[in-house]
Every structure is written in C-alpha cells, then in structure tokens.
Amino acid sequence: MTDPFSRRHFLHAAGAGAASVWIPRTVHGYTEAEVRKMAFNERVEEGISKWDLDTPCLIVDLDRLEGNLDRMQTTLARNGIASRPHAKTHKCPAIARLQVATGSVGICVAKISEAEVMFEHGIEQILMTTVNVTPRKIRRAMHLKKWCTGFIQAVDNPANARDLSAAAAEAGVVADIVVDVDPGGHRSGITAGAPALELAQLVDTLPALRLRGLLCYDGGAQHVQAFADRRTRALSSLEGAAETLVQMNRSGLDTRVFSGGGTGTYNIDHETPGLTDVQVGSYVFMDAQYLALGGAHNPDKYDDFAPALTVMTTVVNAQYEGLATTDAGAKANTINQPWPIIAGETGMSYTAGSDEYGSIRYGDDASRIYAVGDKLELIVSHCDPVVNLYDQMYGVRGDTVEVIWPVSARGKSV
Ligand SMILES: Cc1ncc(COP(=O)(O)O)c(C=O)c1O
C-alpha cells in the first residue's frame, strides 16, 4: 500500500500531470523507509541533508566516530595493550566491523542473542562477558561455538563450569573459557585469589572446556569524577585479578587473555600488570554521562573522545514564554541523567521526562529561541540504552547522510 504522506507519493502525484501541485524546494521529513529505499548496501547516494530526516531519529557523526576509533587505537598501541570493544554499546555490526578492521582483537557482547547477531554479520572473535546460567542459553552458546570458533565464554562458578562442559561435549565442541573475577562490587565474578584459581584449575581439567585466561571489569570505576581518583580506584580494584593471574601462571595455566576496563579507564588499565585488552564501549559515541567527568588533561570535561551520537528532534510547540516542546521525550532518549545536552547551543536545558515530549527551558542568556518546526540535536545522556531504542542510525559526514546502519542487535536482550 502506498503511504499517502510519503515524499515519494507526493512527488509521484505531482509528476502525474498535477501541474498545479506546489512542490517545496526542500521537503523536510524523509521517513526511515524512504531513506532506506535510497540506499544501496547501506550507502545513501542521493545527498540527503540530515536536517531533512523525520524525527526523532538517531544520528552518528562519521568523522567523529572515526576520530574516536583512531584515538583509542593510537593510545592503546602506545601503552602496549589491545582493544576488545563492547558491542553492547552500539549493537551495530557495521561499527563492530569498523572496530575489527581498525585493529581491535575482537568484540565483547553481553547477551547470547547479541553474539548470534554479530556472528551472523561476520564478526568472528567474540567474548561473552556475562555468564549463561540457564540450560537453554548454555546450549545456545555451545551451539554458537560450533560455528564461531573464536567465541569465548565467561564463567564465575564451578557448577556453571561443569554445566558448560557437559553442554559443550553434547554439542561436540571444546569451549574456550575465561574466569570472571569480581573486582570487589560483588555484582558478578568469583572472588580473586584462591577461589578464582581453583575455578581456573577446574576449567582446565574439565574435558570439554579450554581455559583462556580471565576477565575483570569494574563498572563503578569508569565514572569516578576526577581522573586521579579514577586511577586509584581502577588500579586497586583490578589488583586481585592481577595477583590471580600470577598464581595461574605459576600453576602453568593458560592466561593469554586478561581483559577488563572501559572508556573511563582506557588510559589507566595498561598499568595493571598482565592486562591484555580493554573492553571499551562508550568511546565510539560518548555521552553526557561521560562528558561530565574529568579527564587526564582536562579536569572539567572528559573530552578525550568527541560526542558522535545525537538524537535529532523537532520543536512542536513554541508559544509559551521561556519554553519550547519537542517530539523527543523518554521514548526517544530514555530517562537517564544527566539529561541530554542541546548540541551547539548554550543558556538552555533539556528534559526528557515525558513519554512523547521533550522540554527546552531557556535561561536569560539563551543562544537562540526556537520556532515550531525547527530541528535540533541532542547529545545523548547514556549511549547504550538510547541506541537500543532505534532500528537504525544515520551516519552523516558534515550535514550529509552517507550511510544507514541497521541496529541489528537492537532489543536482543536475551
Ligand atoms: C563487562 C563490561 N565491559 C565493558 C563495558 C564498557 O564500558 P564503557 O562503555 O564504559 O566503555 C561495560 C559497560 O557497561 C561492561 O559491562
């Protein structure tokens, strides 16, 4: 069925002899489906401006994204460690492929369904950083291992290791395993030292498992405000895992992987002895939560990486003094805080608490006042859950839409 409101339909109607139909020079508001039709192999050839996209929509600035990838790789190479970026951030195989093509040793995933999507789209080195504990997920993971030989599974308790070994044997595979060591937050992982060493030894002896090392991720360390405090916390929370690694080495165990760390500690983690790679996620996009921290060189702003991800929104009401309402509320932004930042403007704030509406409040020094129909971009509050709200993201170079990337692992939360 033809969409009566689509630009294509409108132009078609105009071309079909309706000489009196007025066609505006720029028709604002291409639908997702229309832009998809203009794309070949994800690339858009027709020179669409991002300002002509229907909103709310998700936009990634390609120059910034590429700059972030480059910045990460250059720093890690200098520090002698690798990146194994976490795909839970972008859920987008095209970005995972870019990361691998620019030097990452593989990717991480949080869910077995994410792993399946990434493998289907050509990613072969996948570390699952969370444990699979139900029989169904264990079977899925071992089935994936059959095809994806570079799949590595985290384990943090002996019973789970035995279940995995049984499932691996049933699937006819030998599963590669890393022991997840608790950095002290008791959210996941086994206690460092003797318990972790014993688990590693058990994995080493189980018939259908092959030990590959360990991982230790301290989420709480990533967002410590001041760089010096962040460094102290990160180094101390990974200390137990580093000692466990030494004990594993002494016992002759395989320790080729020691993975940990994230965007907040990427330039600290190489100081942890033996660490091989960082599981950085947010650096590709950045967000308001990370920008609010201090960096190694700038105590007021974490500006090591450029904000590349924005939600484009349209003003739908501007008739009340001091306020404007947009079409991007909680369903387009989540309700994470700090609230999104209005890109390129000052003297105004944004809240996204209502389901369908966002609110702009102007201060006395607002850099501009919006009219109905105006569009603006929001630097997202927290990138991971925002990406999970969109089927696709538009990659732009300057103002021009260059690619459409499906968020193929969107909603893959199982
Ligand atoms: C296990 C694990 N590793 C790495 C990351 C990536 O962290 P960041 O986005 O801070 O780089 C996360 C994010 O929560 C995570 O849970």
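The legends below describe close-up views of a predicted model. Residues are numbered from 1 along each chain as its sequence is written. Because the model is predicted, local features need pLDDT of at least 70 and side-chain atom pairs count only at pLDDT 80 or more, while totals for chains, interfaces and linings use all residues.

**View 1. Residues around the ligand.** The ligand is surrounded by 14 residues, a residue being near a molecule or strand if its C-beta atom, placed from the backbone, lies within 6 Å of it. The closest are Gly 262, Thr 263, Gln 279, Gly 281 and Ser 282. By class, the shell holds three nonpolar, 11 polar and no charged residues. Ala, Val, Leu, Ile, Met, Phe, Trp, Tyr, Cys and Pro count as nonpolar, Asp, Glu, Lys and Arg as charged, and the others, Gly among them, as polar.

**View 2. The two domains.** Domain 1 (4–61 + 304–406) and domain 2 (124–285) divide the chain; the bounds come from an automatic or database domain assignment. Their centres, taken over C-alpha atoms, are 39 Å apart. Five residues from domain 1 and five residues from domain 2 make the contact, where two residues are in contact if their C-beta atoms, placed from the backbone, lie within 7 Å. On the side of domain 1 that touches domain 2 there are four nonpolar residues, no polar and one charged.

View 3. Helix 6 (residues 135–147) has 13 residues and spans 19 Å from its first C-alpha to its last, close to the expected 18 Å. The expected span is 1.5 Å times one less than the number of residues; helices (H or I, at least four residues) and strands (E, at least two) are DSSP runs, numbered from the N terminus. Ile 138, Ala 141, Met 142 and Lys 145 are the buried residues of helix 6. They lie on the same side of helix 6 because they cover an arc of only 95° around the axis, the arc being that of the directions from the helix axis to the C-beta atoms. A residue is buried if 20 or more other C-beta atoms lie within 10 Å of its own, exposed if 12 or fewer, and partly exposed in between, with C-beta atoms placed from the backbone. The face turned away from the buried side carries the exposed residues Arg 136, Lys 146 and Trp 147. The packing partners of the buried residues of helix 6 include helix 5 (112–120) and strand 7 (150–155).

**View 4. Val 181 in its loop.** Val 181 is located in the loop between strand 8 and helix 8 (194–205). Val 181 counts as buried because it has 32 C-beta neighbours inside 10 Å. Beyond its neighbours within four places in sequence, its contacts include Ile 190, Leu 214, Cys 216 and Thr 244. Ala 196 is 15 residues away along the chain, with 6.6 Å between the two C-alpha atoms.

View 5. Most residues other than glycine have a negative phi, and most peptide bonds are trans. The bond from Thr 55 to Pro 56 is cis, with omega near -5°, and so is that from Gln 337 to Pro 338, with omega near 5°. Lys 91, which is not a glycine, has a positive phi of about 50° and lies in the loop between strand 4 (82–83) and helix 4. Met 286, also not a glycine, has a positive phi of about 60°.
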